[in-house]
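Trainee: Could you walk me through reading an annotated site in a model like this? I would like the general idea before the details.

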Amino acid sequence: MAEAAFHPPRRKRRVFETYEAPFPVDVGGKDFRICQAEIMNNNVIVRNPEDIEQLYNKGYFGKGILSRSRPVYSISDPLLVAKWQGANVNMPIITSRKYQRHVQWAKSILEAQGFDDSSVTKILENYTKAVELPLLEESGAEPVGNTCNTENTELPRQSSTAPGNVVAQSSENENEGCKKVCLEGDAASDLVAPCEELDQGDRKEKAEVSRQTLGSVGCCGCEAEGSAEQRPRKMVKSKERAPEYVLVQEEEEGSLCPEDDSAHAQGNLVKKEKLVCRRNPFRIFEYLQLSLEEAFFLVYALGCLSIYYDEEPLTVLKLWEVFSKVKPDFKTTYMAYHYFRSKGWVPKVGLKYGTDLLLYRKGPPFYHASYSVLAELVDDNFEGSLRRPLSWKCLSGLNRTTVNASKELMLCYLIRPSDMTEEEMSTPECMRRIKVQELIVSRWVSSRERSEQDEF
């Protein structure tokens with residue numbers, strides 16, 4: 001073992017973004033904002049898209065639950081977006097097969113809630129009818145009319161979205177003729193289905209069953225506390241960014257026609273396709289999931305995050321207590337996280353390498369992780385109840401795994417004074433008396449050392 005010596009990090013070859021800021025706070029204080037999160041099934045979830053963008057782009061906090069890392073998940077098909085690039089609408093474009101898959105998911109949810117087959121069929125038929133393009137004022141896009149420009153010079157196929165291709169449906173007639181049953185899901189699904197056939201008593205009963213059943217489905221299979229109507233307005237407002245309307249690529253009836261008027265070209269048929277605006281019966285939400293260390297750092301060190309549980313904001317002391325119960329070694333891992341974040345590193349969870357943290361320079365998009373960190377809380381004599389007693393075999397395996405991934409294994413010892421009591425450890429202010437010692441674990445090769453001595 002040797003004293004830690006930080007080597008230059010290994011930069012990634014292809015970088016497709018620019019570095020914005022190390023923290024999601026403004027130095028001048030003019031644009032300072034407090035983001036909101038909530039605790040769901042022992043996880044900290046950020047719902048508001050603006051907060052997600054703020055936290056991830058500035059400091060790379062958290063990860064998208066539906067994405068690999070950066071929360072950029074979209075149901076839109078990239079190939080269709082490129083194909084219909086002339087359609088100037090800020091809406092997802094999907095295939096008819098994918099849309100039918102969403103309909104089947106919504107159907108299975110309704111059947112699980114006790115709706116009979118005829119009611120499910122009528123609900124989905126009414127809800128998934130073709131509608132006129134809605135005004136996209138909430139997302140900041142320009143208003144769109146009933147048709148969209150779908151001319152694409154790169155395509156040999158004939159495409160059109162004339163007014164006759166989109167069935168108009170006014171919102172006034174819809175509101176008068178039916179009452180909506182809102183199945184408020186947190187993330188996995190969010191179905192809003194109009195029921196024309198149910199009488200008033202059945203509507204209320206079915207709606208209540210729907211809210212109680214589907215409303216408990218969380219963003220990652222966990223249970224959510226309370227319905228969406230009971231949550232703060234800012235959290236419910238984030239649902240506005242979910243793709244309620246989608247453009248579905250469909251084939252026109254009798255659209256097969258020869259490319260040329262000549263008789264010999266009758267065998268070469270071209271399909272005429274169109275975009276139809278429909279409501280999405282199964283909405284999928286992208287949320288940002290923060291680790292407990294990241295969430296507490298944003299609350300305690302930066303003061304730019306407010307965490308809610310059961311509709312109530314939690315104080316710093318309460319979060320320290322709750323996170324310590326959820327994760328018994330939270331105090332140790334957070335002290336290490338706080339230390340390295342203060343040094344300018346971007347720590348991430350190191351579970352896939354069998355360690356506590358991975359240290360990145362600037363962020364994962366720019367550099368590979370330089371160190372895998374194991375954190376231990378010890379006393380002045382480097383003694384204590386170690387979280388992970390390491391045998392030589394275990395240490396050798398961890399070192400080999402880390403070296404094979406072009407990283408170095410670091411032992412981070414958090415040294416607390418012998419006279420520090422448990423009462424002092426019950427608050428985050430105990431970190432003022434904590435000292436840190438880093439050690440790099442490297443493999444000793446006898447033949448290499450012998451050759452170096454021979455050179456001298």
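**Reading the annotated site**

Mentor: Let's start with burial: Tyr360 counts as buried because its relative accessibility is 12%. Buried means under 20% relative accessible area, exposed over 50%, and partly exposed in between (1.4 Å probe, protein chains only). This is a predicted model, where local features need pLDDT of at least 70, side-chain atom pairs count only at pLDDT 80 or more, and totals for chains, interfaces and linings use all residues. Residues are numbered from 1 along each chain as its sequence is written, and side-chain values use heavy atoms, with hydrogens and water left out.

Trainee: Is His368 buried or partly exposed?

Mentor: His368 is partly exposed, because its relative accessibility is 29%. His368 sits in the loop between S16 and strand S17 (371-378), while Tyr360 lies in strand S16 (residues 357-361). Strands are DSSP runs (E, at least two residues), and helices are runs of H or I with at least four, numbered from the N terminus.

Trainee: Which residues does His368 contact, beyond neighbours within four places in sequence?

Mentor: Contact means heavy atoms within 4.5 Å. By that rule His368 meets Arg10, Arg11, Lys12 and Tyr360.

Trainee: Where does UniProt place the feature "active site"?

Mentor: The unreviewed UniProt entry puts it at Tyr360, His368 and Lys407. Those positions use the numbering here, feature names are shortened, and annotations may be inferred rather than shown by experiment. Although spread over 48 residues of sequence, they cluster in space, with a largest C-alpha distance of 10.6 Å.
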